[in-house]
Amino acid sequence: MENLKILKEKLIQSNRVVFFTGAGISAESGIPTFRGKDGLWNRYSPTELATLDAFIENPVRVWQWYLFRMRLIAKAEPNSGHLAISEFERLLRDVWVITQNVDGLHFRAGSKRVIELHGNIFRGKCRFCGKEYSEKEFSSIFPFSGREVLKGMSDDEFNETVLKNFTKDVLPVCKVCGEIVGPGVVWFGEILPEEAVEKAFEISSACEFFFSIGTSAVVQPAALLPIYAKRGGAFLVEINLEETSLSSICDAVFRDSAGKVLSLILN
Ligand code: BV8
Ligand code: ZN
């Protein structure tokens, strides 16, 4: 407990603190992680669904998977981990969140300075002409994607309409080029948004504390951020249920849930 108190005091005196998060921080909101024991990928492999090839080959199947996840996220609430980070943004001088997650829960928890490295699942992106769709604009061409529509759907309705009777003619058609629009996330093999990547590497290389939270630190180039932070002299903290390739270079490791540890440091 003592070292948590010391850590909090040092955070209060620090200039810049970065919270780098992965699927593990949203697990306590009921959203399965990718690679953990209950991981989403366990039933599917990333190459099977989160790639342009998979989408071109079978857009219905890819959209069924994304709508399944979007509905889980629409029904989810930010948890104590998201809320503690948003509280830190109010308490400390200079806080940034860099997230690999596409669920938007940091914003819903009240965090303002959030970099979404892998996009946002409720937005749309046309891979054929490049048009990007905001959440509002996307739900106007794809009613199924509306947060409230998905949240209000019972399991039976979802199974009936989306999992059973879902056909190509209900998929969103691009207003510009007429092709099928995909989710506004970064797929494997796709480049990350340039501005977001630049900003993320810039702030990570010049911060005093870098928290790597709920991530297996496997996905590149995001997994380079903690390495850059360490190289820039940051005190590197891992909060993760399982050991990762990062653990051995961390200055502090908390092998416990993100919500619990972040709330303990905060209070
Ligand atoms: C690119 C959006 C190239 C989609 C995602 C080297 C350099 C560059 C690329 C590569 C490279 N090596 C390999 C690549 C290719 C690839 C890659 O990284 N592959 C991996 C699998 C090896 N990278 C890419 O393709 C990237 N693109 O670089 O393009 C390029 C370059 C130039 C020109 C053209 C192309 C794009 C990567 C982005 C992929 N998109 N998401 C979607 O969501 O559908 S990644 C996906 O994984 C999610 O964003 C997720 O957040 C992310 C990372 O996973 P984690 O968040 O770490 O989740 P995971 O389940 O793995 O771990 C959770 C951890 O939490 C576990 O350890 C668990 O123990 C812990 N935990 C669980 N509960 C809790 C907890 N901890 C605390 N508390 C709890 N309660
Ligand atoms: Zn288009």
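Colleague: Is Cys 129 buried, partly exposed or exposed?

Modeller: The model is a predicted one. Buried requires under 20% relative accessible area and exposed requires over 50%. Cys 129 has a relative accessibility of 35%, so this residue counts as partly exposed.

Colleague: Is Cys 174 buried or exposed?

Modeller: The limit for a buried residue is under 20% relative accessible area. Cys 174 has a value of 4%, and therefore Cys 174 is buried.

Colleague: What is the arrangement of the 4 donor atoms around the zinc ion (ligand 2)?

Modeller: The zinc ion (ligand 2) is coordinated by the SG atoms of Cys 126, Cys 129, Cys 174 and Cys 177, at 2.2 to 2.3 Å. Four donors count as tetrahedral if all angles lie between 85 and 135 degrees. The angles around the zinc ion (ligand 2) are 102 to 117 degrees, so the arrangement is tetrahedral.

Colleague: How many residues apart in sequence are the parts that Cys 129 and Cys 174 tie together?

Modeller: Along the chain, the donors of the zinc ion (ligand 2) follow the spacing C-x2-C-x44-C-x2-C. Cys 129 lies in the loop between β4 (119-125) and β5 (132-133), while Cys 174 lies in the loop between α10 (155-164) and β6 (182-185). The pair therefore ties together parts whose separation in sequence is 45 residues.

Colleague: What area do domain 1 and domain 2 bury between them?

Modeller: Domain 1 comprises 1-31 + 78-119 + 192-267, and domain 2 comprises 35-75 + 131-183. Their contact takes 9 residues from domain 1 and 6 residues from domain 2. Carbon and sulfur atoms account for 54% of the buried area, and the total is about 660 Å².

Notes
Residues numbered from 1 in each chain as written. Chains lettered and ligands numbered in written order. Predicted model: local features only at pLDDT ≥ 70, side-chain atom pairs only at ≥ 80, totals over all residues. Heavy atoms only, no water. Donors = N, O, S within 2.8 Å, 3.2 Å for Na, K, Ca; no water. Tetrahedral: all angles 85-135°; square planar, octahedral: opposite > 155°, others 65-115°. Helix = DSSP H or I, 4+ residues; strand = E, 2+ residues; numbered from the N terminus. Buried < 20%, exposed > 50% of the residue type's maximum accessible area, 1.4 Å probe, protein only. Domains from an automatic or database assignment. Contact = heavy atoms within 4.5 Å. Buried area = accessible area lost by both parts, 1.4 Å probe.
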